[in-house]
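Open the model in your viewer and switch to a cartoon display. The stops below say what to select and what to look for.

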Amino acid sequence: AAARRVMRRAIEMIKSDLRRISFKHIDSAIKLLEATGTAVIDLPGRIRILKSGELLSILREKKSLRSNKMFGKKLKASFDILINMPDILSCGVWIDETKTWLFFSKLPASMLPPVFEKNSKTAWMDWEKISFPLRLRNARPGDRFKPFGMNGTRKLSDFFCDAKIPHETRKIIPVIESLDHIIWIAGMRIDERVKTDSKTRFVLRAEIVKPNIIYKKNLEDIHN
C-alpha cells in the first residue's frame, strides 16, 4: 500500500494529474522494480517508466510514445561540452541529451566530508589537480581511467561491466575530462589522480542530479 501511494504521487508529479492512470497501471509500475537489467512500460499521457539497474525513471515524453521508441535503435545521446571555470561557479550545466543537471562549486578543504562514498552522486576533487576548461561528454569505446582506490588504469567498459551497468545505459553516463584524462565518471567514481589529500587547500565539488528519479532503495522511506 505504501509503495502504491508513493508511485501514484510520483506519476502525478510528472503528469500533473492521474487521469487515465488506473490501479493496474500503478501495479505494473511497481512490478517493474523487480525487473532485472533494463525494462520499460508506457502509460497514458505520454508517461514512460524506465527501469535500469537500481534506478526507476519516470518521464513525460514530448512526442507520442509510438514515435519515440526506447529500444530497437541506437540512443541519440552523444554530447560534448567544454566548461570554463567561470561557468561552473555561476550556474549548473544542463545535458539536454540525458536530461541531467551537473552542479559545481569551489570550496575550502575544511568543507570535505569525513567519509567518502565511492559510488556517490557527489564528487570531491582537489582543485589544484584540475585544469580548465573541463570537457563534459558521454562515455565512449576505448575510454580508460584510474579508479579511485586503485593503482592502475582500467577500461571504462570493464568498470561498467563490474558495476553491472546495462549496455543501454552506458552511453548516457556523463564523464568529465581534464587535460585529456577522465577525472569523474559522473555518479560513480572519481579518478585516483584528482583525489584529495592532506595538502589539499580547495576542492571542486561536483554533483549530478537527474530530475524525476525514484531510487528503489528509498521507496520504503517515503511517507505521507
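A residue is called exposed above 50% relative accessible area, buried under 20%, and partly exposed in between, computed with a 1.4 Å probe on protein chains only. This is a predicted model, in which local features need pLDDT of at least 70, side-chain atom pairs count only at pLDDT 80 or more, and totals for chains, interfaces and linings use all residues. Residues are numbered from 1 along each chain as its sequence is written, and side-chain values use heavy atoms, without hydrogens and water.

Select Asp180 to begin. Asp180 is exposed, at 69% relative accessibility. Its phi is positive, about 65°, although Asp180 is not a glycine. Asp180 sits in the loop between strand 11 (174–178) and strand 12 (181–185); helices (H or I, at least four residues) and strands (E, at least two) are DSSP runs, numbered from the N terminus.

Next, go to Arg20, in the loop between helix 1 (2–15) and helix 2 (23–31). Arg20 is not a glycine either, and its phi is positive, near 70°. Its relative accessible area is 65%, so Arg20 counts as exposed.

Now select Pro133, in the loop between strand 7 and strand 8 (134–138). The peptide bond leading from Phe132 to Pro133 is cis, with omega near 0°.

In which order do the 4 strands of the open sheet lie? The order is 5-6-14-7, with antiparallel pairing; two strands pair if DSSP finds at least two bridges between them. Strand 5 (93–95) and strand 7 (122–126) are at the edges with a single partner strand each, so one side of each has no neighbour in the sheet. Strand 6 (residues 100–108) and strand 14 (residues 202–209) are joined by 8 bridges. Select Phe104 to find its bridge partner in strand 14, Ala206.
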